[in-house]
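Please look over the sequence and the model before reading on.

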Amino acid sequence: DRGGYRHFMLKEIMEQPQVVAGALRGRVNFDAGRVELPDFPFLEDEIRDFRRVVLTGCGTSLHAAHVGRYLIERFAGLPAEVESASEYRYREPFLDSDTLVVAISQSGETADTIAAMQDAKERGARLLSICNSEESQAARLADGSLYMGCGMEIGVASTKTFIASVTILFLLGIYLGQARARLSPEVRRDLIADLASTPRLIGEMLADVSQYKVLAQKFSGYNSFLYLGRGINSAIALEGALKLKEVSYIHAEGYPAGEMKHGPIALIDRNMATLALAPRDRLYDKMAGNIKEVKARRGIVLGVLTEGDTELAAEVDDTLFLPTAPEHLYPLLATVPLQLLAYYIALDRGCDVDQPRNLAKSVTVE
Ligand code: F6R
């Protein structure tokens, strides 16, 4: 049931306010300023012994892992690494019982992710899964799981399960920080209140999608896109580019904007579209610099900016605005316009958005 929408992908994008609210439900205690994860399989004493966190997954789930790394470093002060499961399983990584391995998988059945989990288990690591299916192999294999609880995702391109993964990783970061006495109750209370405001902010962004239809017409003719972001939003750039290539078949590359000078800038000319994520966060000035460099080479820039940012809006060709929010919410918020853009560009190109060619919802073979 597409719930009145033309495609499951759009329906699932529109469900995201409820998905975030659902991921928070029963996991936050506002009054005490505490994250509570009843399903977390390790005791506080064990958490204090963790020396590092390794996050793994494939595709969109790997991008969620990238976001998670920033959140865990920032909130828990633990060394955190990201590993693509399809590579990690063939490495000989050092893992021990002081390492928490977090495997992210919507389906819980992705062959490479399962193999990486098996390997981590054999090496004695502690294993947590973040997945959407309680009946999955990932759930069975892990010491414990944090479930996304967002209902079946039918669109082959993951949307709502990415938002759910990132929300849970946010909670996990705070939870680890809380157990390790890294975050004061006041800071935690603020973070939890910020998270709780996200469903409303996402809802505001979803209320009017008319601008995407106009932008889609303008951008659907480009053959190549660069998606740029910095810091935590560089992971959102990767995810935005993946969404576009999956559903519209336009070549799109996500790049950390600081790498531009080291090669990709050679691609810029008036036929190259650049989507630049430049919300008002700690790296805003750096992104503004990157945008100016692209414009100086006649690149076409679609800026994802914070509302009211008339200054940078004047530099770019087109804009999508995010509501003003605390900076750590921008990855969650910026995900939404990138999904909508991919969806409407694919529609404009007449693509089968719910079942893109060559892709399967669950990749159970290597
Ligand atoms: C992208 C997409 C894929 C999956 C990947 C992992 O939209 O759907 O990249 O994210 O195949 O799938 P799960 O999360 O089920 O392990």
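Two residues are in contact when they have heavy atoms within 4.5 Å of each other. The structure discussed here is a predicted model.

## A buried threonine

By the contact definition, threonine 306 touches Ala278, Pro279, Arg280, Phe321, Leu322, Pro323, Thr324 and Tyr330, when neighbours within four places in sequence are left aside. Threonine 306 belongs to strand β11, which covers residues 300–306. Its relative accessible area is 3%, so threonine 306 is buried.

## Nonpolar cores

In soluble globular proteins, nonpolar side chains tend to be buried together. Here the largest nonpolar core has 100 residues. Phe40, Val102, Leu176, Phe225 and Tyr227 are the residues with the most contacts inside this core. Another core, of 18 residues, lies apart from it and includes Ala257, Ile265, Ala276 and Val301.

What does valine 102 touch, not counting residues up to four places away in sequence? The residues are Val53, Val54, Leu55, Thr56, Leu128, Ile130, Leu169 and Leu172.

## Aromatic pairs

The whole structure holds 10 aromatic pairs. In one of them, the rings of phenylalanine 75 and phenylalanine 170 have centres 5.4 Å apart and planes at 40°, so the pair is tilted. This pair links distant parts of the chain, since phenylalanine 75 is in helix α4 and phenylalanine 170 is in helix α8 (residues 160–179), 95 residues apart. Phenylalanine 75 and phenylalanine 170 are both buried.

Ring pairs also join Phe40, Phe42, Phe50 and Tyr175 into a cluster. Phe40 is also among the residues with the most contacts inside the largest nonpolar core.

## The largest pocket

The largest pocket contains about 500 Å³ of space. Its lining is made up of 27 residues, and those closest to the centre of the pocket are Cys58, Gly59, Thr60, Lys361 and Val363.

Which elements each supply at least two residues of this lining? They are α4 (59–76), β5 (99–105), α6 (111–122) and α11 (232–248). By residue type, the lining has 10 nonpolar, 12 polar and five charged residues.

## An exposed valine

Valine 365 is found in the segment after α14 (330–348). Is valine 365 buried or exposed? The cut-off for exposed is over 50% relative accessible area. Valine 365 has a relative accessibility of 58%, so it counts as exposed.

Valine 365 is 10 residues away from glutamine 355 in sequence, and their C-alpha atoms are 18 Å apart in space.

How values were computed
Residues are numbered from 1 along each chain as its sequence is written. This is a predicted model: local features need pLDDT of at least 70, side-chain atom pairs count only at pLDDT 80 or more; totals for chains, interfaces and linings use all residues. Side-chain values use heavy atoms; hydrogens and water are left out. A nonpolar core is a set of buried Ala, Val, Leu, Ile, Met, Phe, Trp, Tyr and Cys residues joined through side-chain atoms within 4.5 Å. Buried means under 20% relative accessible area, exposed over 50%, partly exposed in between (1.4 Å probe, protein chains only). On a 1 Å grid over the protein atoms alone, a cavity is a set of points where a 1.4 Å probe fits but cannot get out, and a pocket is an open set with protein on both sides within 12 Å along at least five of seven lines; lining residues have an atom within 4 Å of a point. Grid points are joined across faces, edges and corners, and a volume is the space filled by probe spheres set on the points. Helices (H or I, at least four residues) and strands (E, at least two) are DSSP runs, numbered from the N terminus. Ala, Val, Leu, Ile, Met, Phe, Trp, Tyr, Cys and Pro count as nonpolar, Asp, Glu, Lys and Arg as charged, and the others, Gly among them, as polar. Rings of Phe, Tyr and Trp (its six-membered ring) pair if their centres lie within 6.5 Å; planes under 30 degrees apart count as stacked, over 60 as edge-to-face and the rest as tilted.
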